[in-house]
Amino acid sequence: QVQLVESGGGFVQPGGSLRLSCAASGSIVSIGVMGWYRQAPGKQRESVAGITSGGTTNYADSVKGRFTISRDSAKNTVYLQMNSLKPEDTGVYYCNAPIRTYYGSDYFAYWGQGTQVTVSS
């Protein structure tokens, strides 16, 4: 089986920084685009950032210039460096990735369990 495990969430004041990590483990053959999503209370889950295996990145307009996504393919890990945090960044952050395992030739989407980020004074 495959697991995605996030870490690094917490409480921070506006203007502060946090770094999230998401490590994939299991019988992994290949991982596609790795992405971060977030869900604020009462709102739908939204895409925050994504990164391809080749390092191409994309960001939601709301986080451009403040967040940086990176990836360590050797460790099957994706990171999200979040700077200049705002109260509206509050939510549960999830990582997501399509992963191919040794048990088949197709990619299936996996989600982590989520990590809470709270930005408040």
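**Overall dimensions and sheet arrangement**

The radius of gyration of the chain is 14 Å, in agreement with the value near 14 Å that a compact globule of 121 residues would have. The model is a predicted one. Along the principal axes, the C-alpha atoms occupy a box of roughly 50 × 25 × 20 Å. Of the 121 residues in the chain, 40% are buried. The accessible surface amounts to about 6,400 Å², and carbon and sulfur atoms contribute 47% of this area. Among contacts in the chain with a separation of 6 or more, 57% join residues 24 or more positions apart.

The secondary structure comprises twelve strands and zero helices. The order of elements from the N terminus is accordingly written β-β-β-β-β-β-β-β-β-β-β-β.

Four of the strands make up an open sheet with antiparallel pairing, in the order β1-β3-β9-β8. The edge positions are taken by β1 (2-7) and β8 (67-72); each has a single partner strand, and therefore one side of each lacks a neighbour in the sheet. On average, neighbouring strands of this sheet are turned by 15 degrees against each other, direction ignored.

In general, the strands of a sheet are paired through backbone hydrogen bonds, in either a parallel or an antiparallel manner. Between strand β3 (residues 18-26) and strand β9 (residues 77-82), the pairing is antiparallel and extends over six bridges. Cys22 has Val78 of β9 as its bridge partner.

Terms used. Residues are numbered from 1 along each chain as its sequence is written. This is a predicted model: local features need pLDDT of at least 70, side-chain atom pairs count only at pLDDT 80 or more; totals for chains, interfaces and linings use all residues. Side-chain values use heavy atoms; hydrogens and water are left out. Two strands pair if DSSP finds at least two bridges between them. Helices (H or I, at least four residues) and strands (E, at least two) are DSSP runs, numbered from the N terminus. Axes are lines fitted to C-alpha atoms, for helices over the stretch in contact, and angles run from 0 to 180 degrees between N-to-C directions. The radius of gyration is taken over C-alpha atoms; the globule rule is 2.2 Å times the number of residues to the power 0.38. Buried means under 20% relative accessible area, exposed over 50%, partly exposed in between (1.4 Å probe, protein chains only). Contact means heavy atoms within 4.5 Å. Accessible areas come from the Shrake-Rupley method with a 1.4 Å probe; for residues, only the protein chains shown count as cover.
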